[in-house]
Amino acid sequence: MLSAQSTDVGVNKATPALFAAYPDARALAVADGEDVERLVGTLGMFRQKAKRIVELSKLLVERHGGEVPGRLEDLVVLPGVGRKTANVVLGVWFKAPEGVVVDTHVQRLAQRLAWTKHTEPEEIEQDLMKKVPREKWDAVSHLLIWHGRRRCNAQRPDCKECPIRDLCPSADRAENVGRKQR
Ligand code: SF4
């Protein structure tokens, strides 16, 4: 929830102090809003994010005894939690993904590798779920995200040095494939 319009590096810098001050949902549910804003103040949209994580924590306490639920249907009805966030939680924490995480990297890579013809995350997810065995749903999104960050980035994909260039239909012409419309 903190990662929207922020880098992972930025989020990872902010969370140690946040979690030290508020180590669980019960603590965050009764937090002072301005203090939470201060702790996440280096992140984009920090006021909105601070408000949301406090609201979410209140609901976790009310509905789930202060724990994060392990079912997709319970996660996606929480404020600020969409299918992508829910799939991250289920895959990384519960080791029981119910889908494939489709973030901006997965979206772009799936298109460049011609694993999908779709452009909407929900439809791309359905294509990846059919293409990849269930036990690899979590791993495939991590691999695509890693490759998207390190090699196949949006503006300047490094096709010359890419280890899968022989398998990739977009090699050497990827700049305009899978880019978000402006
Ligand atoms: S060959 Fe280019 S477009 Fe294809 S996966 Fe590698 S970096 Fe991305």
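The legends below describe close-up views of a predicted model.

View 1. The ligand sits in the largest cavity, where the residues around it are His 147, Cys 152, Cys 159, Cys 162, Ile 164, Arg 165, Cys 168, Ala 171 and Ala 174. Sorted by class, this shell is made up of seven nonpolar residues, one polar residue and one charged residue.

**View 2. Helix α4 from end to end.** Just after α4 comes Gly 65, whose phi is positive, at about 60°.

**View 3. The buried residues of helix α4.** Lys 49, Ala 50, Ile 53, Val 54, Leu 56, Ser 57, Leu 59 and Leu 60 are the buried residues of α4, and they pack against three other helices, namely α1 (8–21), α2 (25–29) and α3 (33–39). An α-helix has 3.6 residues a turn, so residues three or four places apart point the same way.

**View 4. Gln 5, a residue other than glycine with positive phi.** Gln 5 belongs to the segment before α1, and its phi is near 50°, a positive value in a residue other than glycine. The residue counts as exposed, because the relative accessible area of Gln 5 is 69%, and the cut-off for this class is over 50%.

**View 5. Lys 95 in the loop between α6 and α7.** The loop that holds Lys 95 runs between α6 (83–93) and α7 (104–112), and phi of Lys 95, a residue other than glycine, is positive at near 55°. With a relative accessibility of 63%, Lys 95 is classed as exposed.

Conventions: Residues are numbered from 1 along each chain as its sequence is written. This is a predicted model: local features need pLDDT of at least 70, side-chain atom pairs count only at pLDDT 80 or more; totals for chains, interfaces and linings use all residues. Side-chain values use heavy atoms; hydrogens and water are left out. A residue is near a molecule or strand if one of its heavy atoms lies within 4 Å of it. On a 1 Å grid over the protein atoms alone, a cavity is a set of points where a 1.4 Å probe fits but cannot get out, and a pocket is an open set with protein on both sides within 12 Å along at least five of seven lines; lining residues have an atom within 4 Å of a point. A molecule sits in a cavity or pocket if more than half of its atoms lie within 2 Å of its grid points. Ala, Val, Leu, Ile, Met, Phe, Trp, Tyr, Cys and Pro count as nonpolar, Asp, Glu, Lys and Arg as charged, and the others, Gly among them, as polar. Buried means under 20% relative accessible area, exposed over 50%, partly exposed in between (1.4 Å probe, protein chains only). Helices (H or I, at least four residues) and strands (E, at least two) are DSSP runs, numbered from the N terminus. Contact means heavy atoms within 4.5 Å.
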